[in-house]
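These are my notebook entries on a set of look-ups in one structure. They are kept in the order in which I made them.

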Amino acid sequence: MRLPQSLFLLAVAGSSARASSDKAARPRGVAPEFAKYYQDSNTFTCISNPAVQIPFSAVNDDFCDCPDGSDEPGTSACSHLSRNSPLTVADRPGNNDEEVTAALPGFYCKNKGHRPSFVPFQRVNDGICDYEQCCDGSDEWARVGGTKCEDRCKEIGKQWRKQEEQRQKSMNVALKKKKALLVDAGRQQQEIVDQITGLEAEIKGAEAKVEGLEAELKAVEEAERKVVRTSGKGAGKVNALAGLAKGRVNELRDALLEVRRQRDETHSRLKELEEILSKFKVEYNPNFNDEGVKRAVRSWEDYAAREKVEDTNKAQDRDLDEIAKEDGESSGINWEHWENEEDGCKDSDLVYQLAAYLPPSLVAFIEDKVLSLRSFLESSGILAKPDVDSSSESKAVTDARNALKSEEDSLKALKNKLRDQRADLEKDYGPAGIFRALKDQCISRDAGEYTYEHCFLDGTKQISKKGGSSMSMGRFTRIGYTAVEELNDAGEIVSVAKIALEYERGQHCWNGPNRSTKVVLECGEENEILKVAEDEKCVYSMLVTTPAVCAGGEENGHPPRSKDEL
Amino acid sequence: MARSRPASRWTPLLSLVVLIAFIVAPGLAVKHENFKTCDQSGFCRRNRAYADNASGQGASWSSPYELDPATIHFKDGQLTGVLIKTTSANEKVHLPLALSFLESGAARLLVDEEKRLKGDVEVRHGSKANKKRYDEAEKWVIVGGLDASRSATLNAQSETGFTKVLYGPENKFEAIIRHAPFEVEFQRDGQTHIQLNHQGFLNMEHWRPKVEGKDGESGEDESTWWEESFGGNTDSKPRGPESIGLDITFPSYNHVFGIPEHADSLSLKETRGGSGNHENPYRMYNSDVFEYELDSPMTLYGSIPFMQAHRKGSTVGVFWLNAAETWVDIVKKSASSNPLSMSANSKTNTHTHWFSEAGRIDLFVFLGPTPQDLSKTYGELTGYTQLPQHFAIAYHQCRWNYVTDEDVKEVDAKFDKYQIPYDVIWLDLEYTDDRKYFTWDPLTFPNPKGMQEKLAASERKLVVLIDPHIKNKENYYVSQELNSKGLAVLNKDGEVYDGWCWPGSSNWVDCFNPAASPWWSSLHKYDRFKGSMPNLFIWNDMNEPSVFNGPETTMPKDNLHYGNWEHRDVHNVNGMTLVNATYQAMLERKKGEVRRPFILTRSYFAGAQRMSAMWTGDNQATWDHLAISLPMVLNNGIAGFPFAGADVGGFFHNPDRDLLARWYQAGIWYPFFRAHAHIDTRRREPYLISEPHRTIISQAIRLRYQLLPAWYTAFHEASVNGTPIVRPQYYVFPDDEEGFAIDDQLYLGDTGLLAKPVVKENTFTTDIYIADDEKYYDYFDFTIYQGAGKRHTVPAPEDKIPLLIQAGHVVPRRDRPRRSSALMRWDPYTFVITLDKNGEADGTLYVDDGETFNYERGGYIHRRFQYRDSILSSEDIGTNGAKTAEYLKTMAAVTVERVIVVDPPASWKDKSSVTIIEDGAKAGSTASLEYFEQKGGKASYAVVKSPNVGIGKTWRIEF
């Protein structure tokens, strides 16, 4: 059992108070741990510069005598002894050329009823009650300008203890949560290991299957060469052709519909963009002479001045509507007729006849637009090229081929999955892989005109409250460390390394870089965004609490396996 | 697809063109096409042509202006008469003239035009524009000093054709007026210092009707008489040509200073071309110049048409009181009969030529003879710098923008964490709700009061931006009231003028309207500007006014202000009228709570010093901009507006750490010390800068704080006698010709502190010019520099500010670093004493509550410290008032903790104590003295420990 820290400190304060009453009282502002330097009642020896000795009456006489400031523990007389001060030779007592280092961490506030603390010397007797460090108000003992700081330690101490208790509780909860996260992370990792084992087996099976299907296909092909092909419906070539043509037409129709949909979408996006730009042109600040903006406006003006792309032709749209209808007796081609037609013509005639059955607009369209558009789309990689035509194959071969292909595809998928899972195992998920358990978990915070979102190991986002539009502030790249400067108990700046999740390549910033975010993690009970800042243009930082970075909880640095818990 | 084909052929070519354009045109440059050259300004061209014509004719030129002797009257220090202009058509134009002689020693020449004065003219286009020449500039500018001289008399010994007036101190000044052609010569002690119309460039474009179809019959270039277009804007000029021009010669003067604001050297350059000279006149037409260029006579945000001419032993000056667009040409000519003579005694005359687009000739003439005399006399007329609140002279932290109230609180906390003092944090325009002034963005600043309370906890302040453009939007109460009360500026047709600024479509408050000020005041009350607290102060920006879609980024000249004055008439005072209204508003935001306002203004005119501080606008993070800031601040100082500064760090772009650190080391010498940065720059608050630069910057800021007692004393001096707070070399050593053009080192008030900030990259020594043969001591290690008329090399490693103290001074300091300057209020003082050749030293100290006007009723401490015959004494030089005793009581516990005597007599080695005699003490006491010997060119020093004499008391310390 251990006393809560607060009680422990109180006990110390109490005992030292008793101790000091036995001997001469400590000079004002001296902490118990420095009391030993102030015991000689005749001479004071500067703590870090023992060569300098002064009469004890010069201690706390509001004049700085020691090069390390140790003669003024209770005043601000030596507060200028700091690297931050523009010191002249005469400001350094003892004409000392060495680097200035204060011997004392600050003015010691006893804070009876709370825990003792140091307040920086520059705050002693400045007319402000610094209750945060000095709840007993002893920093303003000189009452400059009538300042009076009453002792508030009782109330502040009580509140602090309550908070401290809560903090302790919260830390315990956080630690529990962290353990749970570790378990979760371990389980997930084990799952992957298990999956890998499973996948390896599956792949073996699939490989065998592929082999079998390859053989099957070969056999069917052999057989096929000897057998006359037959079609499902009609038996003649015309019927076969009609079947093919129908498939082809349907395929083209689907493609056409897709192209049309894409066109409409592109069109509306273009329109939206043009509206944004024309608004931008009106609203930008011409006085704010940004070359990038000026160039953008100029290019926009040139663009807008060019011949306008004609709006969707209504007649054309009607044609498209017509074409889009399913073929049947009332529209397009009545395939029934063709599929059951007696075979009486040569193959070559058929094409012409087929064309004769198509509405002229369709023929023209297929020739002029769809084909060129489609080839354009294909060449630019938007649409996939259709498989090599296999229309001359029999159903049996096709089936066999398809079966093989699908099995090959699933084998490939399995292999990919295996590769991914293996890579995932190699990936850095932080100490003990704990962030595995947090991956893709999202938290958000309202700040000003935006809501900010952080999804662990995935990305960061800024969502405007005004427009509702969302902006990527970076995709996850790595887990790193960052140095954060904090104040230690002595009020000195110390550098502390913290885990930082780095997100890069977010949405490009207008006239700037791609957005990026550094998420600095702190120990806390909840996953929570505490603060978001834009450190420089489109470079953000987030302060996020999470139990995952609280100290402790790991067992020998390895993630506890779920079975260990059982 | 078809359409794209030709384009694709052009694309590479186009991109090549764009690329080349990029390489050729530097990214950062003022947009020259946005601002007029003299050639593009009708009246500038006309007046230059007039001067060229006159000069071209040489001796045969005769100015067509005569003072009609029959009209001359002299009464009560004022000479009146009628100046007759004979036109080419032999018409006689009557121009009433008054030459007033003032008790202060200044003289004032006023010339108006009878016809316009009487309204006997027609204004074209049915315009409502006032027919008179603008005669109200003085209403905004002049606050005193107009008392007529009681001693001025006509000199009985005047030759025929001349009238002579004796005036000034002991009537040692004389104005010699030649009737025909008209000329005025100002003499002091029988020597001519200023000549008016000596070159015959006097030009008053009289009113004439526009005669259709008869262009060019006058024989003059009439192309710019009736209409002028620039940058797509057309000026309707309803009153036709009306400019005024006058040449002012300073015989035997080689240097002229003043007429800010220009990004140029302190000593003004010639403007009629030639190597090292400008091609255009110095222009004064307050403008929002984007990314202004350096070493240029181009106009900037503010203007003060006050020029000083200086030569060994004499300073004289002129103040051209005209609010319209004004240009000044400067030409220097050898006065020697042999122009090739380069001998040392060859004299140079400086010829200046002033012309304004409209208004009267209203010229004040000052005959010095010292720079201090000019500061004093000019200040009597236009007012002295207001004594600012104490926080205003400490460090200001600004950025466009601190984005939320939490952001502000965090910056505040960070300064404390790193123990860097600061007093004021600023909010640029983004704090507003949709750029509507007097509102807070509800999303980013939901709790402005909490923010201000947090700042108040360490007695810090907030400054927010309030601009004169009011968003033109329904349901915005300020816009509604502006319009319902009819307080907006009108366009030429008399409708409310609508232009573009930050909020988009906006209207401008017309502070020329007497009803505007009470309304503007009401907007600043706590119950109307909701969320504002007593520690909130105001920044008036964009008040040139800046209008994004206006000609030269400002208002059309034919816009109409209250009284139907055209914008052309009032442009240069326009910015100041807003400051005036804000000043009135901030004086008493709540009944009974009267405090000194603090306002920062970008636009200004003569007189703005009474109400505000200024800064040099949107500079850039370059070494050149750092360098130019010193002459700009110095020039503003000698022109009567010393509360000046430049954005520390540079507004546009990111300074590297070396530049930033050096800028802080320089910025602590600006009377107005504020760091500011553009919204696209990286954050650069001092604590964010990595070591060792953070320490270097902290030391610089703390040095400013340590010397605040000296700064405040210098501000006080400026507020009572107009002396600059930081002073250029010529001002301190007016007899040392070598130093006249030096504008890269400066003196802080009367303290003897001489700083020369490093403004060049990778420079680690600097040359400080020393004018006299006193010793100068390095501020930090007491190294001795001595030798008159020489430059002395002073080491300037990056962590060191080149700073010397002249021998003979008592410099007051406060050495204890605090969070803000207000918290230093009760701290003891340290005195640094440097003894001159005679073993003597002097200094002064002024202290008050730094906030109220109690000082006007004696609520202050003003002491003179003298070191004579081994005794340092403190003497009261204040005047007791109703508040004196009360203030002294609050300061009773504030004492002197340390006296450092630099370079004391060697005999002090054996001294160990001093005797202290304080008034009212029953017996003398002693304090210990310790002598510290230094060698190697460094002065020894002695330190008196804890004399503990009261700062407000009379005492002596006997060494």
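I took a residue as buried if 20 or more other C-beta atoms lie within 10 Å of its own, as exposed if 12 or fewer do, and as partly exposed in between, with C-beta atoms placed from the backbone. The model is predicted, and I kept local features only at pLDDT of at least 70 and side-chain atom pairs only at pLDDT 80 or more, while totals for chains, interfaces and linings use all residues. Residues are numbered from 1 along each chain as its sequence is written, and chains are lettered from A and ligands numbered from 1 in the order in which they are written.

**Entry 1: Leu835(B)**

I located Leu835(B) in the loop between strands S46 (829–834) and S47 (841–848) of chain B; strands (E, at least two residues) and helices (H or I, at least four) are DSSP runs numbered from the N terminus. Leaving out residues up to four places away in sequence, I found that Leu835(B) touches Ala807(B), Glu840(B), Ala841(B), Tyr867(B) and Asp903(B), a contact being two C-beta atoms, placed from the backbone, within 7 Å. Pro904(B) is 69 residues from Leu835(B) in sequence, with 7.3 Å from C-alpha to C-alpha.

**Entry 2: Ala324(B)**

Ala324(B) sits in the loop between strands S18 (314–320) and S19 (326–334) of chain B. Ala324(B) has 28 C-beta neighbours inside 10 Å and therefore counts as buried. Beyond four places in sequence, the residues that Ala324(B) touches include Ser356(B), Gly359(B), Arg568(B) and His571(B).

**Entry 3: backbone geometry**

Most residues other than glycine have a negative phi, and most peptide bonds are trans. In chain B I noted a cis bond from Gly368(B) to Pro369(B), with omega near 15°; Pro369(B) is in the loop between strand S21 (361–366) and helix H5 (371–382). The bond from Trp400(B) to Asn401(B) is also cis, with omega near 15°, and Asn401(B) is in the loop between strand S22 (395–397) and helix H6 (405–417).

In chain A, Asn111(A) has a positive phi of about 50° and lies in the loop between strands S3 (107–109) and S4 (117–119). Asn125(A) has a positive phi of about 55° and is found in the loop between S4 and H2. Asn111(A) counts as buried with 26 C-beta neighbours inside 10 Å, and Asn125(A) counts as buried with 25.

**Entry 4: helices of chain A**

I counted 10 helices and 12 strands in chain A. At what angle do H2(A) and H9(A) pack? Helix H2 (153–226) and helix H9 (395–426) of chain A pack at about 160°, with their axes 8 Å apart; axes are lines fitted to C-alpha atoms over the stretch in contact, and angles run from 0 to 180 degrees between N-to-C directions. H2(A) is therefore roughly antiparallel to H9(A), a term for angles over 145 degrees.

From the unreviewed UniProt entry I noted the annotation "coiled-coil region" at residues 189–230, 256–326 and 397–428 of chain A; such annotations may be inferred rather than shown by experiment. Residues 397–428 of chain A are 94% helix and 0% strand, and the end C-alpha atoms lie 48 Å apart.

**Entry 5: the contact between the chains**

I found 48 residues from chain B and 38 residues from chain A in the contact. On the side of chain B that touches chain A, H13(B) gives the most, with 6 residues.

Technical notes: Angles under 35 degrees count as roughly parallel, over 145 as roughly antiparallel, 65 to 115 as roughly perpendicular and the rest as oblique.
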